[in-house]
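Please look through the structure shown below before reading on. The report that follows takes up its layout, its core and its charged contacts.

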Amino acid sequence: MNHKNKISFTVCNEDGGGFSAQCIEFPGIITQAETEDELKDMINDAVNGYLESFPDEQNRLQHIMKNKVIEVSV
């Protein structure tokens, strides 16, 4: 069974146009693009590149995903 983990990103509209995204669980994963569709591709590339560069982070990701997540509005 192929289990996929989910991670969260904040997405911002940039003043000069386009979008940027930063991972909440792994703040070092940051990317940008001109369109939202392109941003999704760039996020996937950034995550894959990050986990390839820092393979120990895959273990931390699995640990994070085992914990219960509670979302609140502020």
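Helices (H or I, at least four residues) and strands (E, at least two) are DSSP runs, numbered from the N terminus. This is a predicted model, in which local features need pLDDT of at least 70 and side-chain atom pairs count only at pLDDT 80 or more, while totals for chains, interfaces and linings use all residues. Residues are numbered from 1 along each chain as its sequence is written, and side-chain values use heavy atoms, with hydrogens and water left out.

The protein has two helices and three strands, which follow one another from the N terminus as β-β-β-α-α. For pLDDT, the predictor's confidence in each residue on a scale from 0 to 100, the protein averages 86, and 88% of the residues score at least 70.

Strands S2 (residues 19-23) and S3 run antiparallel and are joined by four bridges, where strands count as paired if DSSP finds at least two bridges between them. These two strands form a hairpin with six residues between them, and Gln-22 stands opposite Ile-30 in S3.

A nonpolar core is a set of buried Ala, Val, Leu, Ile, Met, Phe, Trp, Tyr and Cys residues joined through side-chain atoms within 4.5 Å. The largest such core has 14 residues, of which Phe-9, Phe-26, Ile-29, Leu-39, Ile-43 and Val-47 touch the most other members. S2 and helix H1 (36-53) are the elements that give two or more residues to this core, and H1 supplies its largest share, six residues. Leaving aside residues up to four places away in sequence, Ile-29 touches residues that include Phe-9, Ala-21, Val-47 and Tyr-50, contact meaning heavy atoms within 4.5 Å.

A salt bridge is a side-chain nitrogen of Lys or Arg within 4 Å of a carboxyl oxygen of Asp or Glu, and by this rule the count comes to one. Arg-60 forms a salt bridge with Glu-57, their closest N and O atoms being 3.1 Å apart. Both residues lie in helix H2, three residues apart, about one turn of the helix. Their accessibilities are set out below.

| Residue | Relative accessibility | Class |
|---|---|---|
| Arg-60 | 34% | partly exposed |
| Glu-57 | 16% | buried |

How values were computed:
Buried < 20%, exposed > 50% of the residue type's maximum accessible area, 1.4 Å probe, protein only.
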